[in-house]
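Please keep the sequence and the model in view while reading.

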Amino acid sequence: MGIPGSGLAKGLAVTLRTMTRKSHTAQYPDAQPELPPRTRGVIGLFEENCTVCMLCARECPDWCIYIDSHKETVPPAAPGGRERSRNVLDRFAIDFALCMYCGICIEVCPFDALFWSPEFEYAEEDIRDLTHERDKLREWMWTVPAPPALDPRAEEPKEIGAARKTADKLAAAEAAAAAESERTSDASDGPNGPDGPNERNGTDGNGAAT
C-alpha cells in the first residue's frame, strides 16, 4: 500500500521541475514551424499526369472530390491510322471541409497525379470557400517536398534496373552495328582503295600516263 499523498507529491514535483525550465514560444506566424516531410497538410494536383480515370473520386470515403471531364477525338498519328478518343479534365476540386486526410486518393492514383503538401494555411471564414478548384491545387504542387533520398544500401528499383538494362542493350547493339559497318567499309576499299594504286596515280601498269 502506498504512502498517502505520494501521488500528489509526484505531481507537484513535475510542476516544480517544469516551472524552473525556460519556456520556448514559437513565434508563429512570424516564424514558420519546421514540419516533418510527410506532413499531411493539403493535396496538390499534378494536372499533366491526371487521366480522369475517376479512381480517386470513387475510392474517397467522404465523396469530397469532384471531377468533370469531356471526351476529345485525337487525329491519327500517321496516315491510315485510327482516331483515338481521350478524356480532357474540366474540373478537379476537393472539399477540405469534408476531407478527413486519409490519403486514400493519393495511394490509389495509378499515375502519380496527387501528392501531399505540408501547406496548412488555408483557413477560410466561410466553410463553402474550403472547396478548392484545380488552379489552387496546382499551386500547392510547388510546396510539395522532394522525395527522400534512397538508402544507399537499398536495392535498386526494378524500373530503373530494367531501364538501365535496356539502355545497355541498345548501346551494345549500336556499337556492334558501327563496328560491322566500319569492317565492311574497310573490306570493300581494300588496302589501296577501290580502284587500286595505279588508277589513283593516273598511270597504267607500265608507268605510262592514262
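## Terms and model

Helices (H or I, at least four residues) and strands (E, at least two) are DSSP runs, numbered from the N terminus. Two strands pair if DSSP finds at least two bridges between them.

The model is predicted: local features need pLDDT of at least 70, side-chain atom pairs count only at pLDDT 80 or more, and totals for chains, interfaces and linings use all residues. Residues are numbered from 1 along each chain as its sequence is written, and side-chain values use heavy atoms, with hydrogens and water left out.

## The sheet

Strands of a sheet pair through backbone hydrogen bonds, either parallel or antiparallel. Here, 3 strands form an open sheet. Their order is E2-E3-E5, and the pairing is antiparallel. Strand E2 (65-74) and strand E5 (131-132) are the edge strands, each pairing on one side only.

Strand E3 (residues 84-95) is joined to E2 by 10 bridges. Glu72 has Arg86 in E3 as its bridge partner. Val74 is partnered by Arg84, also in E3. E3 pairs with E5 over 2 bridges, again antiparallel. There, Asp95 stands opposite Thr131 of E5.

How many disulfides does the model contain? The count is 0, where a disulfide is a pair of cysteine sulfur atoms within 2.5 Å. Cys64 is in no disulfide. Its nearest cysteine sulfur belongs to Cys60, 3.6 Å away.

Burial is set by relative accessible area: buried means under 20%, exposed over 50%, partly exposed in between (1.4 Å probe, protein chains only). Cys64 is buried at 3%. Cys109 is buried at 14%. Cys105, in helix H3, is buried at 9%. The C-alpha atom of Cys105 lies 8.8 Å from that of Arg58, 47 residues apart along the chain.

## An annotated site

UniProt, in an unreviewed entry, places the feature "binding site" at Cys50, Cys53, Cys56 and Cys109. UniProt positions follow the numbering used here, feature names are shortened, and annotations may be inferred rather than shown by experiment.

These positions spread over 60 residues of sequence, yet they cluster in space. The largest C-alpha distance among them is 10.5 Å. Cys50 sits in the loop between strand E1 (42-45) and helix H2 (55-59).

## The largest pocket

A pocket is an open set of points on a 1 Å grid over the protein atoms alone, where a 1.4 Å probe fits, with protein on both sides within 12 Å along at least five of seven lines; lining residues have an atom within 4 Å of a point. The largest pocket holds about 520 Å³ of space, a volume being the space filled by probe spheres set on the points, which are joined across faces, edges and corners.

Its lining has 15 residues. Pro37, Arg38, Ile106, Phe115 and Trp116 lie nearest the centre. Helix H3 (104-108) and strand E4 (114-117) are the elements that give two or more residues to this lining. E4 supplies the largest share, 3 residues.

By class, the lining has 10 nonpolar, 1 polar and 4 charged residues. Ala, Val, Leu, Ile, Met, Phe, Trp, Tyr, Cys and Pro count as nonpolar, Asp, Glu, Lys and Arg as charged, and the others, Gly among them, as polar.
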